[in-house]
Amino acid sequence: MLVSIKVPSLLGLLPPSLQHAHTPLMHDLAQAIFESYPSLTIEDPSPPAHDEVRPFSPVLHTIPDTDETNIFFRNYQPLSVIIPWMRLLRSLFPTHVRMINVGVSYEGRDIPALRVGVHPSNAAETPSSPRKTIIITGGSHAREWISTSTVNYIAYSFITAYGKSREITRLLEEFDWVFVPTMNPDGYIYTWENDRLWRKNRQQTSLRFCRGVDLDHSYSFKWDHDSSAANNPCSESFAGEGPFQGVEARRFANWARNETANNNVTIVAFVDLHSYSQQILYPYSYTCSKAPPALENLEELAIGLAKAIRTTKGEEYTVTAACEGSVELKDQQDKRFWPRIESGGGSALDWFYHELNVKYSYQIKLRDTGGYGFLLPSKNIVPTGLEAFNAIKYMGHFLLGNKGIEGEEESKDASAALGAEMQGADDENNQEANIELRRRRRK
């Protein structure tokens, strides 16, 4: 009844041409939300019916092959599962994993992170020497669950490959990797317990009934309060009443500053994972009228990241400046743009690039391109994580000076395979030559 009263009046605010000019992207929103949560279905462990006629059969029934290492990634996980899982990784791999906090949320929750790397600082609270560090974050926007699971997938893949893969081992020796699965723990929990599509954090605003600040518009560099969305507490893009009003953003920025100022850390790359639209975005977000000083380098690495993703599962990620990622081109030739969907000022991307001088700063918007949007089914967790893992590996090699898509280990394996093939061909040719020589001698 409420819908029938309210919706017509809202539609009446639109021009007549737009009142019916829409196409539903998701026909059953409630079902899509339901399916994004972990399944409660328990498989029946009993044998098939046709086996019941032979209860004492000596035949052993094999269990179907499953990748046991990916049990954690079969579903999206709540924070109450993620934090014990992170502690478990720290306990199982103490040689190269530390669990740290990069801040405290508005409601008093720790913002946990895994610092991964082979370095003397693993055994001490304070790093003993300068260390190049790469930061991977997710979950700034609470509803973007795929970003949280992808950070976890990348961290797990790096951690478990140490000592088994020459490629990964070298990357962990050369860099520290800081993985922050959810920058917004309060909002993330709220999406599990109340509103699946909640975006902001959960702090109180000037309007009692409109809570939350958009953390990715809360950073101080080019903070924007002029747009109608940014200064409206009820907007999903509310930037706060001033720079760094978003508690989690302010405390994370303070942690990063302290790392570079007091802990001999040099942040060489920053990657902020979001969803959705399959884009790799580089600075600037706040404007398209000014290009970053290292534009050519940013584009070169971004194209490599997109290629690493494409060669994994065939998914296409577009590469563009963040300012263009949230607008629609009006004229491709003249590069004129429609007005922004949302403010681009105050982003973590621009802040790390400009304020902390992180030369390689990116925002990656993960799967998909709109079919499911923020409600991406859990079957996409592993393929999305694998794509991102390969992209981050490429970034590591790029920072080491290897600009090719192949990693060090793959190149060596390919060279070894080619050498073996050539050796086999030579052996075969020598054998044929010896046979021919003996045949002629008999004559």
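The link of Cys210 and Cys234 is right-handed, with 80° about the S-S bond. The sulfur atoms of this disulfide are 1.9 Å apart, and a disulfide here is a pair of cysteine sulfur atoms within 2.5 Å. Cys210 and Cys234 both sit in the loop between α6 (185-193) and α7 (247-262), 24 residues apart, and the pair links distant parts of the chain. Helices (H or I, at least four residues) and strands (E, at least two) are DSSP runs, numbered from the N terminus.

The model is predicted: local features need pLDDT of at least 70 and side-chain atom pairs count only at pLDDT 80 or more, whereas totals for chains, interfaces and linings use all residues. Residues are numbered from 1 along each chain as its sequence is written, and side-chain values use heavy atoms, with hydrogens and water left out.

A search of the whole structure finds two disulfides. In general terms, a disulfide is a covalent bond between the sulfur atoms of two cysteines. Cys288 is in the loop between β6 (279-282) and α8 (295-313) while Cys323 is in helix α9 (residues 322-325), so the pair ties together parts that are 35 residues apart in sequence. Counting bonded cysteines along the chain, the disulfides follow the pattern 1-2, 3-4.

Buried means under 20% relative accessible area, exposed over 50%, and partly exposed in between (1.4 Å probe, protein chains only).

| Residue | Relative accessible area | Class |
|---|---|---|
| Cys210 | 9% | buried |
| Cys234 | 38% | partly exposed |
| Cys288 | 35% | partly exposed |
| Cys323 | 4% | buried |

Ile82 is in helix α3 (residues 79-92), and Ser149 is in helix α4 (residues 145-161). Ile82 and Ser149 are 67 residues apart in sequence, and their C-alpha atoms are 9.3 Å apart in space. Ile82 is buried at 2% relative accessibility, and Ser149 is buried with a relative accessible area of 8%.

Contact means heavy atoms within 4.5 Å. Leaving aside residues up to four places away in sequence, Ile82 touches Phe72, Gln77, Thr148, Asn152 and Tyr188. With such sequence neighbours likewise not counted, Ser149 touches Phe73, Tyr76 and Ile381. The side chain of Ser149 also reaches the backbone oxygen of Ile146 at 3.1 Å.

For the protein as a whole, the secondary structure comes to 12 helices and 10 strands. Of its 443 residues, 47% count as buried. Among contacts with a separation of 6 or more, residues 24 or more positions apart account for 74%. The protein exposes about 23,200 Å², with carbon and sulfur atoms supplying 54% of it. Accessible areas come from the Shrake-Rupley method with a 1.4 Å probe; for residues, only the protein chains shown count as cover.

Methods
A polar contact is a pair of N or O atoms within 3.5 Å; within protein, one must be able to donate a hydrogen and the other to accept it, and residues adjacent in sequence count only if both atoms are side-chain atoms.
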